Amino acid sequence: MDEARIIRRRLSPRLWLAGGWLLLALLAAIFAPLVAPQDPLAQDLMLERLPPFWLDGAEPGYWLGTDSLGRDLLSRLIFGGRIAFIVAFAAAIAACVVGSTLGLIAGYFGGWADRIISRIVDIWMAFPPVLFAILLVAVLGTGLSSVILAIAIIDWTRFCRVIRAEAMGQSRMDYVENARIAGYGRIGIMLREVLPNVVPSIVALLSLEMGIAVIVEAILSFVNLSISTDDPTWGGIIAEGRLSIHQAWWVLVFPLITLILTVLSFSQFGEALKTRFDPVLR
Amino acid sequence: MLLQRFLIRLLTMLITLFGVAVVVFVVIRIAPGDPIAMMLPPGATDADIGRLRALYGLDKTIVEQFFIWLSGVVRGDFGTSISLRQDVLGLVFNRLPATLELAIVALLMAVAIGGTTAILGARERGTAVEAGIDIASGAALSIPDFLWGLVLILLFGVLVPIFDISGRVSPQLDLPFVTQFYFFESLLRLRFDLTWDLLKHMLMPAVALALPLAAIIAQLLKQSLKEVLDLDYVVLARVKGFSETQVILREALKNAALPTLTLIGVQFTFLIGGTVIVERLFSYEGLGNMAIDAVINRDLPLIQGIVLVFALLFVLINLVVDMMYALLNPRLRHG
């Protein structure tokens, strides 16, 4: 075993770190009204642009400082996590169900089904994804369900492409042929024999997709097209931070760190799941 | 053989473009907001609205509207922007060069950074250096361009303010350019003062776009190099007394590069897709920034035009990559 591999193996704690961060952020989001030190919407112009706790001029109870309207940054981040996690789970699962189903059908049945589905995937891949998302939300109207729907409509192709290729590979294996000889129907084989063998890939992609959904939601709220402007979102806080960057850098730094940690954690999880399920990589 | 492949690809490309046109047209028409009502002052009468609807062809059925629009597109007429009241094609061509320049500079950076990292990683394979490269490229890959852009704004726009964080060029400068390719034209005109100003604006958005792609290149090229480095002819070169770096650059690289080249082609379309939000982040006056404004203003003809131009760009890049692959890959060339 070479040195690089030893170092890589030693890094399995980062899986625990990733899981720990996601659990912490998720719990904080779920119990936001109990955990958040302040009302995330309460404005107080006497408290505008307070710095984080270790700097001069900080106020107790406003740990990460306040924005230009005097709203508590930590409380806004905690409440913003609610939107982020709802979108991450709902959009990723929706994209996964649609994409994996179509991918399984295209890969296992082949022929016309494959040709039509692959053509639709080609068309989808010719759209710039961020522009497509912004366009869809503008069309569907802002709101939580629009954001979830838009992400699912765009990102199902990620699942479809991978699962199609895997299902295609699986359906050439001997065990599928044996099941056919044993008299199973084609849909039965697809669901009972092929599907369980592509589940590891689906699970890994699902974790990656949750990270992507968090980013897309942040981008949408950054251009002010996510949910109603009152509710705090990570992207919305970033947009405020980008504007007041020279007066209050913390309004940009903390949501940025939150987003990076969350995205890295989701992708670490995805990678780890892929390795765990893959006998060759393991 | 190659010609046949090319013609089939050309045909599927046209079908894809037609599909994109249909999808974007349908998506936009189901929008609940009325773009005409938004254009007129609050006191406008129904007759005014009706006249304007007829002017933009919005009084016909969706299918009629689609074919009127499509027949215009085929003749190069993309319609008139509702919010800017100018020819859509003109507006798009005015902004496209800025986006292309940004994307090409970002691509070159990604190849330079990713290629160097891959060669270093292959040379130091099995050491702590390689593990460090793996971790760094893994992180660079997981963090998307939008977040890299914000990190760069904080680091080099605020903490150490050496680069500009908004715009394409300093507004007070007198620009002698005849094309919209400011950066390339400034190089050709040897106006390096302008090149420097443009670069100061372009560098951070370009790096933000380049980093995830650089990470992918680093990972894949390093993997291919490591595989090639165990082959007999490379071992022979090593026996001849070449240093490891020479072996990689002179012998291994050209045989390991093909998978990476194909990947770069596909990833380049993702990079161009990323310009939309990165341009917004840096207030860079490109096509993507205009696209977001068009969506916010519900400017239907402009949105359609921009999306179609992006789609055309994507399928053209895929076509070129496919043809390059066919030309470079001996198995397909003789197959």
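Guide: Two residues are in contact if their C-beta atoms, placed from the backbone, lie within 7 Å. This is a predicted model, where local features need pLDDT of at least 70, side-chain atom pairs count only at pLDDT 80 or more, and totals for chains, interfaces and linings use all residues. Residues are numbered from 1 along each chain as its sequence is written, while chains are lettered from A and ligands numbered from 1 in the order in which they are written.

Visitor: How many residues does the contact take from chain A and from chain B?

Guide: Chain A gives 35 residues and chain B gives 42 residues. By class, the chain A side that touches chain B has 27 nonpolar, three polar and five charged residues. Ala, Val, Leu, Ile, Met, Phe, Trp, Tyr, Cys and Pro count as nonpolar, Asp, Glu, Lys and Arg as charged, and the others, Gly among them, as polar.

Visitor: How are two packed helices described?

Guide: By the angle between their axes and the distance between the axes. Here, helix α5 (residues 111–125) of chain A and helix α1 (residues 2–29) of chain B have axes that come within 9 Å and cross at roughly 70°. Axes are lines fitted to C-alpha atoms, for helices over the stretch in contact, with angles from 0 to 180 degrees between N-to-C directions. Helices are DSSP runs (H or I, at least four residues), numbered from the N terminus. α5(A) and α1(B) are therefore roughly perpendicular, the word for angles of 65 to 115 degrees.

Visitor: Which residues make the contact?

Guide: Arg119(A), Asp122(A) and Ile123(A) of α5(A) meet Ile15(B), Thr16(B), Gly19(B), Val20(B) and Val23(B) of α1(B). They divide into four nonpolar, two polar and two charged.

How values were computed. Helices (H or I, at least four residues) and strands (E, at least two) are DSSP runs, numbered from the N terminus. Angles under 35 degrees count as roughly parallel, over 145 as roughly antiparallel, 65 to 115 as roughly perpendicular and the rest as oblique.
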